[in-house]
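Please consider the sequence and the model shown below.

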Amino acid sequence: MRNEEKNVVSCVNSLAALDYDNFEIVIANDSSTDNTKSFALETIKKNSSKIPIKILDAPTLPKGWFGKPWAVSEGAKQAKGKLLWIIDADLKIKPETLKNSINHLLAFEADVMFCFPRLIIRKWWDWPILFLNFVLRFSFWCSSWLGFKQPPASWGENVLVYKSIYEEIGGFEAVKNFIPENQAFIKKTIESKKKVVAIDANNPGISVPLYERFSDSFRGVLRNIDFRLINFFSFAATFIIISFSIDGLIKFLAGFAENSFLSYGAFVALFAVYLIFSRQPVYVAFFAPILGIYSIIVFMIAGFYSASNKTVIWKDRPVKLDWRKL
């Protein structure tokens with residue numbers, strides 16, 4: 001956790017209420033500068049009789065590390081169990097989620113598993129993230145249809161992994177200077193020939209609130225774009241779905257009004273199905289061309305930032321987006 005004073009209480013309370021017989025909670029505080037730690041300590045006192053909970057302050061960030069990999073690495077050292085469930089402090093978990101997740105891990109005979117949370121939309125500036133989530137999900141659909149066994153990309157808020165596997169591939173130290181770190185960890189496990197499975201998107205047992213400000217939303221998307229962490233198939237799927245989203249607008253501007261409405265209507269219908277399934281506001285689908293153009297702009301800015309080794313401020317820390325580190 002880092003600067004999660006608005007979310008950490010509900011997160012810890014939901015973890016303490018998990019319907020599972022044998023687990024512990026290890027909270028790694030990544031040098032929070034707000035009330036995150038004090039709120040966490042108060043919540044621990046209320047729940048310590050239910051489940052073992054401990055909090056540790058990650059030591060001063062060493063050179064060559066980003067904050068989250070360092071905090072996760074320190075927390076994993078303190079964990080005693082055979083399984084690690086690495087989650088962000090802004091998640092809210094339903095009681096049955098851990099049991100269901102472990103059952104899925106065992107059923108698929110997987111080494112590592114992640115699942116998509118349900119996105120809690122706060123303002124209109126979260127709509128592009130909803131759209132990008134749909135784009136990522138589209139790549140999963142296509143990957144499944146074409147028989148790919150490994151997920152083409154990943155989502156970063158939660159990862160379930162055997163501790164022995166975690167240690168074998170070098171833990172988060174192996175991705176200590178990567179942003180986004182969880183996605184880099186998933187890619188590392190795939191490259192190590194481990195079996196990775198992804199649970200259906202918008203898992204109702206896990207939810208995450210999105211951003212309160214547009215600037216945070218923009219930086220959040222920018223921070224999580226690194227095309228090294230997905231395969232060529234995801235590039236193709238992303239290109240297809242974003243092109244499809246703006247196809248109607250392009251045809252309209254070119255003077256093909258009738259065809260433009262057909263293209264626009266087809267994509268709106270496809271996007272609307274996803275929104276209904278995800279329990280999100282369906283009217284967002286009507287803004288698909290704008291969201292598609294926004295995505296292209298963000299991708300271009302991310303490419304510029306990475307090529308020029310520029311930084312993005314994330315939770316009061318400068319983060320360099322540099323693809324050349326691969």
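The model is predicted. Its largest nonpolar core comprises 59 residues, and F131 and F271 have the most contacts inside it. Helix α5 (residues 127–145) gives the most to this core, namely eight residues. Apart from it lies another core, of 21 residues, which includes A79, L136, V175 and F185. Beyond neighbours up to four places away in sequence, F131 touches I242, S245, F267, F271, A288, L291, G292 and S295.

Side chains of opposite charge can pair when their charged atoms come close. The count here comes to 12 salt bridges. In one of them, D88 meets K68 with N and O 2.6 Å apart. D88 lies in the loop between β3 (83–87) and β4 (92–93) and K68 in helix α3 (residues 67–78), so this pair ties together parts 20 residues apart in sequence. E212 forms a salt bridge with R122, at 3.2 Å between the closest N and O atoms. This pair links parts of the chain 90 residues apart. Salt bridges that share partners join K6, R122 and E212 into one network.

K194 and E168 also meet in a salt bridge, at 2.7 Å from N to O. K194 is buried, with a relative accessible area of 13%, whereas E168 counts as exposed at 53%.

Which residue provides the side chain of opposite charge nearest to the buried D111? That residue is K194, but at 5.6 Å away, and D111 has no salt bridge; the cut-off for one is 4 Å. The side chain of D111 instead reaches the backbone nitrogen of K195 at 2.8 Å. D111 is placed in the loop between α4 (97–107) and β5 (112–120), and its contacts include L105, L160 and Y162.

Technical notes:
Residues numbered from 1 in each chain as written. Predicted model: local features only at pLDDT ≥ 70, side-chain atom pairs only at ≥ 80, totals over all residues. Heavy atoms only, no water. Helix = DSSP H or I, 4+ residues; strand = E, 2+ residues; numbered from the N terminus. Buried < 20%, exposed > 50% of the residue type's maximum accessible area, 1.4 Å probe, protein only. Lys, Arg positive; Asp, Glu negative; His and termini not counted. Polar contact = N/O pair within 3.5 Å; in protein donor to acceptor, adjacent residues only side chain to side chain. Contact = heavy atoms within 4.5 Å. Core = buried A, V, L, I, M, F, W, Y, C linked by side-chain atoms within 4.5 Å.
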